Amino acid sequence: MSVIGKISGEVATRFSPLHSALVEQGAHFDVSLGWPYVLWFGDVAEAEGVRAEHQATRNSVGIFDVSLLTKVLVEGSDACALLDHRSTAIIDVPVGSVVYTPWCDEAGVVGIDLSITRIGDDRFLLVATEMLHDDLLAELNELATNTNVVVTDQTAAFALLSVQGANSKALLEQLTETPLSIESFSLYTSQYIELGGIEVLAVRMTFTGDCGWELHVPAAKAEAVYKMLFDHGVDLGARACGITAMHTCGAEKGFLDMAEHVAQPLNAFEANFAFAIDFSPNREYPGRVALEQIYDSPLLRRMVLVKSAEQLKPGAAVSRDTVDVGSVTWAAYGHTLESWVGFAFIDATFSINESSCESGTWSVEVNGHQQPLSVGLAAWHDPHDITMLI
């Protein structure tokens with residue numbers, strides 16, 4: 001059982017409301033910006049633990065504590081306009097909608113990526129990686145100057161639980177009277193629901209690629225909700241899972257974590273955020289002019305998805321038709337696909353699109369030898385989001 005102290009050269013100074021429960025479950029921790037977070041659980045080797053948690057998430061229910069993520073409430077009569085003028089995606093959406101968007105500089109380079117949930121006419125909940133906590137708050141406070149906007153850091157006030165997997169809906173349905181079918185609670189929407197009499201904000205979204213919800217729980221109620229999930233999840237195969245399994249599942253799905261997977265500045269198209277860029281008339285936001293110019297030109301630099309039977313390591317050279325065109329940025333073993341999956345940054349003389357990814361002979365350097373490599377832009381696992389819509 002892990003005891004938090006000095007880990008990886010960093011001292012733990014801030015703790016999830018569920019920290020004691022996680023320790024009791026046998027969590028192995030690392031620390032990020034003072035926050036201990038779970039790598040995997042149990043008295044087993046990391047590879048064994050992550051494999052079991054990955055499979056539990058795909059096949060039954062994985063329960064993740066991601067309370068360290070940055071959570072900021074932005075409210076006031078100017079809140080919608082402020083956020084809409086900062087985001088490449090449209091933020092003036094119906095209450096309950098969730099929008100994923102990058103924030104770019106004037107060159108269109110992504111500086112912050114986050115989800116924005118509209119929880120009221122003038123109230124928005126912003127969620128981003130813990131690595132962006134200080135930058136996000138600093139920018140929001142600067143933007144809010146001389147406006148009718150109040151910015152409140154809620155990171156420590158709420159636990160954040162991610163309940164993912166084929167049986168996640170069945171588990172939550174035991175605890176709430178709110179209908180959870182895809183027709184009643186669609187993907188990328190939110191609702192306030194009661195779980196065993198405790199009100200939480202439930203957001204239907206996933207970082208693993210499975211049917212699932214993110215639950216924002218008041219810190220004082222976090223342990224009660226956490227216990228409730230496991231008490232009712234025994235017969236459904238519920239398992240406590242760490243961030244490593246979330247990343248291995250997400251890698252199979254092609255979900256990009258900018259802080260984890262990207263080492264160089266990328267514009268929004270290079271980072272595969274085309275789905276979150278809006279060019280509607282009369283909308284202005286930083287980087288719009290640059291992004292319009294990029295949109296009209298061949299994309300010669302881009303993050304792509306890669307898959308290999310051999311172990312992929314960051315920095316490994318990627319070649320197309322024997323010419324080096326990039327390198328692996330991050331990879332993990334995908335236990336559903338039983339292969340290595342990850343991301344590579346390609347900087348080429350040809351346009352990088354579905355056609356060029358599917359053509360040519362791709363390879364990656366592994367221990368001094370060239371090994372076959374699959375390259376694509378669509379998810380290796382469930383490319384049509386079928387499992388997310390259960």
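Reader: How do you know what radius of gyration a compact globule of 390 residues would have?

Author: There's a rule for it: 2.2 Å times the number of residues to the power 0.38, with the radius taken over C-alpha atoms. For 390 residues that lands near 21 Å, and the chain has 21 Å, so the two agree. The C-alpha atoms fill a box of roughly 60 × 55 × 45 Å along the principal axes. Keep in mind that this is a predicted model, where local features need pLDDT of at least 70 and side-chain atom pairs count only at pLDDT 80 or more, while totals for chains, interfaces and linings use all residues. Residues are numbered from 1 along each chain as its sequence is written, and side-chain values use heavy atoms, with hydrogens and water left out.

Reader: What share of the chain is buried, and what makes a residue count as that?

Author: Buried means under 20% relative accessible area, exposed means over 50%, and partly exposed sits in between (1.4 Å probe, protein chains only). By that cut-off, 56% of the 390 residues are buried.

Reader: Why is H85 called what it is on that scale?

Author: Its relative accessibility is 47%, which is why H85 counts as partly exposed. You'll find H85 in the loop between α3 (79-84) and β7; helices (H or I, at least four residues) and strands (E, at least two) are DSSP runs, numbered from the N terminus.

Reader: Which residues does H85 touch, leaving aside neighbours within four places in sequence?

Author: With contact meaning heavy atoms within 4.5 Å, H85 touches E284, Y285 and P286. H85 and Y285 are 200 residues apart along the chain, yet their C-alpha atoms are separated by 4.9 Å. Across the chain, 64% of the contacts with a separation of 6 or more come from residues 24 or more positions apart.

Reader: What makes β7 and β10 the edge strands?

Author: The sheet is open, with 5 antiparallel strands in the order β7-β8-β9-β6-β10. β7 (98-104) and β10 (150-153) each pair on one side only, hence the label.

Reader: How do you know that β6 pairs with β10?

Author: Two strands pair if DSSP finds at least two bridges between them. Strand β6 (residues 70-75) has 4 bridges to β10, and the two run antiparallel. E75 stands opposite V150 in β10.

Reader: Why is the W330 and F343 pair called tilted?

Author: A pair of aromatic rings is described by the distance of the centres and the angle of the planes. Rings of Phe, Tyr and Trp (its six-membered ring) pair if their centres lie within 6.5 Å; planes under 30 degrees apart are stacked, over 60 edge-to-face, and the rest tilted. W330 and F343 come in at 6.5 Å and 35°, making the pair tilted. W330 is in β18 (residues 323-334) and F343 in β19 (residues 339-347), so the pair ties together parts 13 residues apart in sequence. Both W330 and F343 are buried.

Reader: What kind of pair do Y333 and W340 form?

Author: Their planes are 75° apart and their centres 5.7 Å apart, and the pair is edge-to-face. At 26% relative accessibility, Y333 counts as partly exposed, whereas W340, at 18%, counts as buried.

Reader: How many aromatic pairs turn up in the whole structure, and which residues form a cluster with Y100?

Author: The search finds 10 pairs. Y100 clusters with F273 and F275.
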